[in-house]
Amino acid sequence: RDMTQLIYSGLLKPTPEGILAPDLAESYEISPDGLTYTFTLKEELIWQDGAPLTSDDVVFTIEKVQDKSLAIKSPRRASWDDIGVSAPDARTVILTLKQPYAPFLENTAMGIIPKHIWENVPNEEFDVSFYNVEPIGSGPYRISSITHDESKGLPVAYELKSFSKYALGQPYITNLTIRFFGNNDELISAYEAKSIDQIHTVDPKVAQRLENAGAIVTRSELPRIFAAFFNQNANAALQDKAVRQALALATEKDEIVRNILLGYGKTIDGPLPFDVGTSTDSIHDPREVRLARAQKLLDGANWVTNDEAGTREKTDKRSKKTILLSFSIAVPDVDELKNAANELKKDWEPLGAQVDVKVYELSTFSVEVLAPRAYDILFYGEVIGRNPDLYPYWHSSQRNAPGLNVAQYTSRPVDKLLEDLRKTNDADQRTDILERIETEIQNDVPAVFVYSPYFLYVRGPNAKGGKTGLITTESERFIDVENWYIETQYVWDGFKDRFKRTPNL
């Protein structure tokens, strides 16, 4: 993904400000009905091997992604299914949707591949082609040389050169090396030995240690949330809203961020990683106040404490059966998630709840737990995206696998709002809809929303410039790599134009 971000370019590209800006495209228009997207490419675009880049390359790329044969198996196919694509001339690309979908523009940041190279590669050989190892793109950097592991034959380092014909102008930094390591220990050792300048996705403990030693740790917000999702179908106690409200009130979110993320993250109160004006202020009252309110909620809902077990219980009015305030939290075998689940256990047991943390092998978690919805409570994360689309996570049609509605949440008002959100491109309308969605979900309490982690990027003192705004994947730390620099120079005003960078120069 890092290499793809550096070597390829798309019609549009994300910016640190959280918007999509032209890359290969000079401009684009969206029809009033939201169904037709017309892109105009920049003039004289060039591939890194010198061949011209035209709309035919864009059409070719999208059609290969859409290929339904089992040979290519593009992970992006679902995003491009049923999208019409045509090129009336060398600089125009028309994309046609069957129904409006506001987040669609995100798809157009996908890297474009050169038709003149890949059209000669059979579908069956796409994943083993030489051009996957030494790709030709149109992005800010091109491959200069590759260092291989002599014993395994795998690439361990790529030497990259800035591409002088990049659509947004040649990057300031001429040489860039990407190195690969077998594990985090090797990575950290190489950084501390100063054989590499920058590393990413480090553990909070490592980030804290390096930062204390003088390293520059850049924090970027990620559109990701982590929450405890309630499966009301699997546990009778969780069907009681008072129980869900009490658990939410008892959750020490600030302490979880402090203890588990070491402060490298922020607390959240809803299904979005950013504030749309619907913060639940009572969640941030002192712990004693919140615990008292939680206990009162349970008392009012007839959850009484069994003196022998110390666990609350309740008699169901219909069945006359005794329901215990007992449930388990399922997590994959990931340290951060396990530790967070144990923090929740510590927060919830003083309410008179019996809480068990169940840890599952990462390799089988999806099949054995996630897909069959085999959990009482799931502590898990969701990637919301730059242009939030909550439909996959909260629409009732997505309750069963492969849908991502892991809380199996059902709400007709929210379903309608989620459908409306997908149809509108108007920023103000989208904000209003998101606020209403968040309010509805908060009122229903299908989950306890806990935190949104920061992306941590450890940078040495050499590379400067670049902005650290919203990114959706780790590789997007390179979204403005063309603006990074190492040195600056004072120039007389009359000579500044000689040093000004212009696209394709």
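## Charge, fold and aromatic pairs

The protein chain carries 57 positive and 75 negative side chains, and the centres of these two sets lie 2 Å apart. The model is a predicted one.

In secondary structure, the protein chain has 15 helices and 20 strands. Its radius of gyration is 26 Å, close to the 23 Å that the globule rule gives for 505 residues, so the chain is as compact as a globular protein of that length. The C-alpha trace spans about 80 × 55 × 55 Å along its principal axes.

Of the 505 residues, 47% count as buried. The chain exposes about 25,300 Å², and carbon and sulfur atoms supply 48% of that area. Among contacts between residues at least 6 apart in sequence, 66% join residues at least 24 apart.

The structure holds 19 aromatic pairs. Two of them are listed here, including their geometry.

| Pair | Centre to centre | Angle between planes | Class |
|---|---|---|---|
| W118 and F126 | 4.8 Å | 45 degrees | tilted |
| F365 and Y380 | 5.6 Å | 35 degrees | tilted |

W118 counts as buried at 4% relative accessibility, and F126 is buried with a relative accessible area of 12%. Ring pairs also link W118 and F126 with F130 and Y131 into a cluster.

F365 lies in helix α11 (residues 362–370) and Y380 in strand β19 (residues 377–383), so their pair ties together parts that are 15 residues apart in sequence. F365 counts as buried at 2% relative accessibility, whereas Y380 counts as partly exposed at 24%.

Notes: Residues numbered from 1 in each chain as written. Predicted model: local features only at pLDDT ≥ 70, side-chain atom pairs only at ≥ 80, totals over all residues. Heavy atoms only, no water. Helix = DSSP H or I, 4+ residues; strand = E, 2+ residues; numbered from the N terminus. Rg over C-alpha atoms; globule rule 2.2 N^0.38 Å. Buried < 20%, exposed > 50% of the residue type's maximum accessible area, 1.4 Å probe, protein only. Contact = heavy atoms within 4.5 Å. Areas by Shrake-Rupley, 256 points an atom, 1.4 Å probe, with all protein chains shown as cover. Lys, Arg positive; Asp, Glu negative; His and termini not counted. Charge placed at Lys NZ, Arg CZ, Asp CG, Glu CD. Phe/Tyr/Trp six-rings, centres within 6.5 Å; stacked < 30°, edge-to-face > 60°.
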